[in-house]
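Here is a short briefing for a first look at this structure. Keep the model open while you read.

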Amino acid sequence: MLIRDGFIAAVGTRAKVEALRESRKAEKIDLGGCVVLPGFVDSHTHLIHAASRAEEYELKIAGASYEEIARKDGGILNSVKKLRTATENALKTRATAALARFAAYGTTTIEAKSGYGLDVASELKILKLHQSLGAEQPVEIASTFLGAHVVPAEYRAKSDGAERYIELLTEKLLPQVVAAGLAEFCDVFCDRGAFTRDQSRCVLQAGMDLGLMPRIHAEQLSRTGATQLAVELGAASCDHLEQVNATDIRALGKSETVATLLPGCDFHLGLKKYAPARALIDAGAIVALATDYNPGTSPTVSMPMILSLACTQLRMTPAEAIAAATINGAYALRRENKIGSLDVGKQADFAAFDVADYREIPYYFGVNTCVLTFKRGRVIHASE
Ligand SMILES: [Zn+2]
C-alpha cells in the first residue's frame, strides 16, 4: 500500500507497489507477517458517560433484569444522574482514555450518541464534547443526538410527561443542536419503557426536517415495529434487532437501512437470545457489527471481542464479521466512500494484527492481537 497525505495512493502486490516511482522515496513500514485490515468502524457507541454501573452488574448476576433495575431508578436514569453533575473536564478525561483504548483494538472511527443528559444543558454538553474530542484526538467521531433515550425522571411525574418531553426535544433542543452543527444523526430508543413507535416517528421526523439522518434502537427488549419505521423513514441503520420477526427481516433485506447487531449487550446481560444474523444475511440485509460501548449493557471497546461473539453466537463467518465491522459499519455512518476498506482514494485508516491468518483475530477471543493502528496514514497506537 502506498500512502500519500493520509490517503491510499496505490494498493496491490509488493512488487507492483514498490515499482512505482513515488514508492522509492517513501518512508517504508514493513508489516510482513501481520494481517492488515481496514480500521474498524464502530457505528454504535455511547461514548460520553460519567462512570461505570458496576454496582448493577452484581444485581444482574443475582437475577435482576435490565428492566427491573431501570424501574428502581437504576439503568439509564442512574447514568443521567451521574452525568448531569459531572464536570466537562471529568467527562473529557474519561472519554479520551476510552478513545485511546478503541484505537488500541484497531478502531479508527466511532459513532457517539448523547442521551445521558436528557435536559438542554446536559445534552449540549455531551454533543460539544463529541466536537472537541473529534478535533483534539485522532479517532474520528460521528455525532448522534439521542435526546429520546428515555423520559427523564422530572417528566415522569407529570401527566403527559412523555409528550411534554418530546415537545422539549423537537421545539427547543433539536433546533439548537442543528444550528450549532453538533450532530449528523438523530436516534431514538423505541422500546418498552422508552418511546412508542408514534413518539419515535415524531422525534425522527423533526430531526429529518432539520437535516438529521435517522437511526433507531429497535426491537431489543420487545418488538415494537421500530424496524418497519426505520425502513419507512429510510433510516441509516436500525440497531439491536434481537426480537425481529420474519416480516422485519424481509423488509430489511430489501432496504438500504443497515441492520446493526450488538452481541456485546446480550453477552454482558447474560441473555440467550441473540439477533438472527444468518436470517438477515440470507434475506440480503446489510449487516454491521458494533460494540454499543456503554456503562449499562455493553462496557467494551473491543471490536475483536465483538467479532468473536459474532462468530460463535451469531454464526457469522470471520470474513462476514470483518466486513460487518469495517465497510458495512462505514455504510451505516454513510462514510463508505471515505473509510471501511483499503481502496485507492480512501483514507489510510488501517490496523495490523500479529496473527498468521485473519480468522485468528476472532479465534483468540479476549486477546488483543492488534499491534499498530493508523489513522489518515499516521500511527495512533503501537503496542510494546
Ligand atoms: Zn445503544
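**A first tour of the chain**

Arg 335 is buried, with a relative accessible area of 11%. It forms a salt bridge with Glu 184, where the closest N and O atoms are 2.7 Å apart. This is a predicted model. The points below cover the overall build, the zinc site, the salt bridges and a surface patch.

**Overall build**

- The chain has 18 helices and 14 strands.
- Its radius of gyration is 21 Å, close to the 21 Å that the globule rule gives for 384 residues, so the chain is as compact as a globular protein of that length.
- The C-alpha trace spans about 70 × 40 × 40 Å along its principal axes.
- Of the 384 residues, 56% count as buried.

**The zinc site**

- Four residues supply the protein donors of the zinc ion: His 44 (NE2), His 46 (NE2), His 217 (NE2) and Asp 292 (OD).
- These donors lie 2.1 to 2.7 Å from the zinc ion.
- Along the chain, the donors follow the spacing H-x1-H-x170-H-x74-D.
- His 46 and His 217 link distant parts of the chain, 171 residues apart.
- His 46 sits in the loop between β4 (40-42) and α3 (54-61), while His 217 belongs to strand β8 (residues 213-218).
- Both histidines are on the buried side of the cut-off: His 46 has a relative accessible area of 3%, and His 217 has 4%.
- The site of the zinc ion is irregular, with angles of 77 to 166 degrees among its 4 donor atoms.
- The site does not count as tetrahedral, because that would need all angles to lie between 85 and 135 degrees.

**Salt bridges: the Glu 184 and Arg 335 pair**

- The count for the chain comes to 22 salt bridges.
- Glu 184 and Arg 335 pair up with their closest N and O atoms 2.7 Å apart.
- This pair links distant parts of the chain, 151 residues apart.
- Glu 184 is in the loop between α9 (161-179) and β7 (185-190), and Arg 335 is in the loop between α17 (327-332) and β12 (350-353).
- Glu 184 is partly exposed, with a relative accessible area of 34%, whereas Arg 335 is buried at 11%.
- Glu 184 and Arg 335 also belong to a network of salt bridges, in which they are linked with Glu 140, Asp 349, Lys 375 and Arg 376.

- Glu 22 forms a salt bridge with Arg 4, and the closest N and O atoms are 2.7 Å apart.
- Glu 22 lies in helix α2 (residues 21-24) and Arg 4 in strand β1 (residues 2-4), so this bridge ties together parts that are 18 residues apart in sequence.
- Glu 22 is partly exposed at 29% relative accessibility, and Arg 4 is partly exposed at 42%.
- Arg 14 and Glu 18 meet in a salt bridge of 3.6 Å, N to O.
- Arg 14 and Glu 18 both lie in helix α1 (residues 14-18), 4 residues apart, about one turn of the helix.
- Glu 18 counts as partly exposed, at 39% relative accessibility.

- Tyr 363, Tyr 364 and Val 367 make a nonpolar surface patch of about 330 Å².
- Val 367 is found in the loop between α18 (360-363) and β13 (370-375).
- Val 367 counts as partly exposed, at 42% relative accessibility.

Methods
Residues are numbered from 1 along each chain as its sequence is written. This is a predicted model: local features need pLDDT of at least 70, side-chain atom pairs count only at pLDDT 80 or more; totals for chains, interfaces and linings use all residues. Side-chain values use heavy atoms; hydrogens and water are left out. Donors are N, O and S atoms within 2.8 Å of the metal (3.2 Å for Na, K and Ca); water is not among the atoms, so sites may look incomplete. Four donors count as tetrahedral if all angles lie between 85 and 135 degrees; four count as square planar and six as octahedral if opposite donors are over 155 degrees apart and all others between 65 and 115; anything else is irregular. Helices (H or I, at least four residues) and strands (E, at least two) are DSSP runs, numbered from the N terminus. Buried means under 20% relative accessible area, exposed over 50%, partly exposed in between (1.4 Å probe, protein chains only). Patches are made of residues with over 30% relative accessible area and no salt bridge: like charges are joined within 9 Å, nonpolar side chains (Val, Leu, Ile, Met, Phe, Trp, Tyr) within 5 Å. Accessible areas come from the Shrake-Rupley method with a 1.4 Å probe; for residues, only the protein chains shown count as cover. A salt bridge is a side-chain nitrogen of Lys or Arg within 4 Å of a carboxyl oxygen of Asp or Glu. The radius of gyration is taken over C-alpha atoms; the globule rule is 2.2 Å times the number of residues to the power 0.38.
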